Amino acid sequence: MVTVSEDLKKKLEEKGKESGFDDVREYVHHILNRFMKKLESGRGTGKQFSEEEEGRVKERLEALGYLDD
Amino acid sequence: MPQDKPNIVFVLIDALRAGNLGCYGYGKTTSPEIDRIALDGVLFENAFSATNCTDPSITSIFTGINPSGHGIVHHGNGVTKEEIDEFYSQKLEWLPSYLQKAGYGTYGLDWLGRWHKDGFEYYFAKESRFELIKRTNSKLAFLGPLLEPLRKMRNLVLPSFRVSENAYNDGSEITEKAIEIIRTSEAPFFIFLHYWDVHLPYNSGRMKKRARDEKLDKEFLGILSAYRKKSTTDYYMRLFREKGGAAGLLEAYDQSIRRVDGMVGAIAEALKERGIYGKTIIIVTSDHGESLMEHGIVFDHHGLYDVSVRVPLIIKPAGPGQSGRRIRHLASHLDVFPTLAELAGLGAPETADGKSLLPALEKDAPVRELVLLEEEHLQNARALRTADAKYIRTDSSECRRCGMRHGKPEELYEIVSDPEELQDVASDKGGKLGEMRRACAESEKKILRMKNRRLQDSKLDELED
């Protein structure tokens, strides 16, 4: 059981109706479900560096005595 | 130079432990120029890096967050895509970008690249002589077996190439570049210089031959005989022979410091020549220390003993001199970003966990009671350092570099009576051990909670977008 303010309940009812939800509880369940899926998703930024850049750093580190560790 | 913000020159000397600088009480002369800057500023006697290797350490300096918090916990080739994802997903404030947004010209004189170059309008990596030599060598590959004798001849005629070929001695090049920026830059500038000269293999240029020290050699060989990884022992035996034994290695480390010290002096001189020394904040620190045979670790930086994590931290603010004040209170690399932001008259970075050291700088007031230290690259370890004690917990069964275990699963040292951490009192001081163990675990949890919150907030922001 979660208690929400009257003001928030009113907004949820309005937005729920706009999105086709007659029952505010179903709408809240839908939103929370989406949020949780997003929070649990493993997708990252996909940020990658070029092989050239990684290779350059690797060469330097080898020269500094970094072996295979 | 029309500006109201101070310039910032940030000197980071890789693998420089605090104890080998004159201003930190070293018996030999290694650092007259850095000592002079310390006399114009404030020196932190008990400053610590967040970890003991470069990639995560510099990331901690530039974010003000421990490695387990910002996500980059390994070094070099060990950094995973997941770590990079976790780092970028949090949308952390980053010192160079923060200063760039505030109107600073930002210059990164380093080759680490990848995320390290973010926020720098100029980044040095591709211009160094090392890159030139590598390119030239690859073009000459068709010479096959003739290449090596030709290279030896060239090294005889042009000895500077011999040093450069060892990959990291960009010290003179980045110094020249920094001086050029100092002479020509109009905007308030932030120059980050990363000197690698004090890092293994301590290629410090010409060095006087020194007599072998049999006792030190025996100690070195005894430590190495316990190592269980052939590639590591081979590497150190080669260095041992090249440098003239253990005494030669120790001297090479000191000589490398002298070499960098002279270059730091040249930068200070350039600031004075342009009349902006007083308008410039200078910070001198390292990313981690170095174990020079202490704790069964030869010439490397792993383990969370003070030799590997106690770093020099000298801050010369802009404005009137500070008369070389020395601060005994604890300081962490996490505090550097908030401190520089405040000294530059900017707001505090919201995502940084560190605290501004201004209360310490201005009123000698303490800003923190403890420092959490982390190691993930070669071992999985955590340590908690307070003003009078050190707790170390090593979770991994062996060090990936040495193939053996360093220290016990839990260690406790009483720093006031045993600053060299020689007497482990974990079994005698059960109460203190429990207290430190709990405090360490609590600090770890707090960092992870904060990271998870930032990751969740970032995902919710994406959802709203």
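So, chain A: going from the N terminus, its elements run α-α-α. That comes to three helices and zero strands, where helices (H or I, at least four residues) and strands (E, at least two) are DSSP runs numbered from the N terminus. Before I go on, this is a predicted model, where local features need pLDDT of at least 70 and side-chain atom pairs count only at pLDDT 80 or more, while totals for chains, interfaces and linings use all residues. Residues are numbered from 1 along each chain as its sequence is written, with chains lettered from A and ligands numbered from 1 in the order in which they are written.

Okay, overall shape. Chain A has a radius of gyration of 25 Å, whereas a compact globule of 69 residues would sit near 11 Å; that radius is taken over C-alpha atoms, and the globule rule is 2.2 Å times the number of residues to the power 0.38. Along the principal axes, the C-alpha atoms of chain A fill a box of roughly 65 × 25 × 20 Å. And 7% of the 69 residues count as buried, meaning 20 or more other C-beta atoms within 10 Å of the residue's own, with 12 or fewer called exposed and anything in between partly exposed, C-beta atoms being placed from the backbone.

Now the helix packing. H1(A), residues 6-18, packs on H2(A) at an angle of about 85 degrees, with the axes 9 Å apart. Axes here are lines fitted to C-alpha atoms, for helices over the stretch in contact, and angles run from 0 to 180 degrees between N-to-C directions. So H1(A) is roughly perpendicular to H2(A), a label for 65 to 115 degrees; under 35 is roughly parallel, over 145 roughly antiparallel, and the rest oblique. On the H1(A) side we have A:Lys9, A:Leu12, A:Glu13 and A:Gly16, meeting A:Val24, A:Tyr27 and A:Val28 in H2(A). Contact means C-beta atoms, placed from the backbone, within 7 Å.

What about chain B? 21 residues of chain A are in contact with 28 residues of chain B. Helices H2 (24-40) and H3 (51-63) of chain A each supply at least two residues of the side that touches chain B, and H3(A) gives the largest share, eight residues.

Last stop, B:Pro409. You'll find B:Pro409 in the loop between strand E12 (389-394) and strand E13 (410-414) of chain B. B:Pro409 counts as partly exposed because it has 13 C-beta neighbours inside 10 Å. Leaving aside neighbours within four places in sequence, B:Pro409 is in contact with B:Arg393 and B:Thr394.

Terms used: Contact = placed C-beta atoms within 7 Å.
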